[in-house]
Amino acid sequence: MQDQTERSTAQGIRVILIAGFLGSGKTTLLRRILSWQEDLSDTVVVVNEFGEVGIDGALLRGAGSDVIELNSGCICCTLTADLLHCLDDICKKFNPRRIIIESSGVADPATVVSVLTNSKFIGSMDLEKIITVLDADFWQYRENFGTLFFSQLKTADLILLNKIDLIDADLLPVFLKEIHEEVVGSQVIPTIRCTIDAQTLWSPVKPKMVELQPMRFFEELSLNCSEQKSNNASHEDKNHSTSVAANNFVTFSFEEVRYIDESRFKQFIDQMPWELFRLKGNVQFADHSALVNYVGGKTEWMPLDGEQKTQLAFIGWNVDSIAMLEKLKTCLIEKIS
């Protein structure tokens, strides 16, 4: 029998949980929120990334709020206890009015809710809203993504159907109708780059009854998943990989102070296998820096000010991370003096 937890309506620290599958636009939404012209000095942001390179946390720093990072695991499996202790420490240290949690792309919101409704936080913490960012292009392939994908949607109070500019205009009304039928009771708003007004995002909602059940990734990755270091990576090498035992789900990282050849790097991205469905981070070319965000065959570029060390995070499925990192190293060039 599944446990059910009714979300608190007590007046405490207001918590907003941002969920969504890999590459949907969660960090874009969070950056937009932090750019709004309002005082966020009493807001703490918790960023969870599945991997050891904290790209999102670095992007959010300087936005006027304290940013806390939880890396090297998922807050709904290996880092559940860490999240509980982290929230407890935040309450004691910062006494914030609001906490915004950006969960990993492989996190099940239902399990995060179980942490937020822990007896330790009764009366002091109020889960105000769950926002799930949905890549519009993913919806038509939803049957391939398993129970985690649907859990992220069905627990949401607000769904942002994002990147609608990248799909056929005729598909939008069809997708909206299907989502409303599949996810009854959630607000669904189509967006481009998570453009939403503050009034809509902050508006109160009637709390849902959330079913608490083990998180699964593609039917197999469950709460007892464990991370293990790749046998081929040394502790001295920053470019390494970790993997979840179930189903060969792999995350690895790459850090380098030397320049990257832009044309070779773009060719590297164009030739990536479909099994490598996420790449994100800073890239330092000889004459400029950029943020690259690759997901499911699509690449977005954003210029960065100043010289940035190349720092990339990868997520894939049954990917030979060692071979891919070796191939990436062929894009290196020596710094020009």
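Begin by selecting aspartate 261, which is buried at 19% relative accessibility (buried means under 20% relative accessible area, exposed over 50%, partly exposed in between, with a 1.4 Å probe and protein chains only).

The model is predicted: local features need pLDDT of at least 70, side-chain atom pairs count only at pLDDT 80 or more, and totals for chains, interfaces and linings use all residues. Residues are numbered from 1 along each chain as its sequence is written, and side-chain values use heavy atoms, leaving out hydrogens and water.

Now select arginine 14 and glutamate 128, whose closest N and O atoms lie 3.0 Å apart in a salt bridge. This pair links distant parts of the chain, 114 residues apart: arginine 14 belongs to strand 2 (residues 13-20) and glutamate 128 to strand 6 (residues 125-135). Here helices (H or I, at least four residues) and strands (E, at least two) are DSSP runs, numbered from the N terminus. Arginine 14 is partly exposed at 22%, whereas glutamate 128 is buried at 16%.

Move on to glutamate 300 and arginine 193, joined by a salt bridge of 3.7 Å, N to O. Glutamate 300 sits in strand 16 (residues 298-304), and arginine 193 in the loop between strand 8 (187-190) and helix 8 (198-202). Glutamate 300 is partly exposed at 30%; arginine 193 is partly exposed at 39%.

Finally, select Asp88, Lys92 and Lys120, which a network of salt bridges links. The whole structure contains 14 salt bridges.

How values were computed:
Salt bridge = Lys/Arg side-chain N within 4 Å of Asp/Glu carboxyl O.
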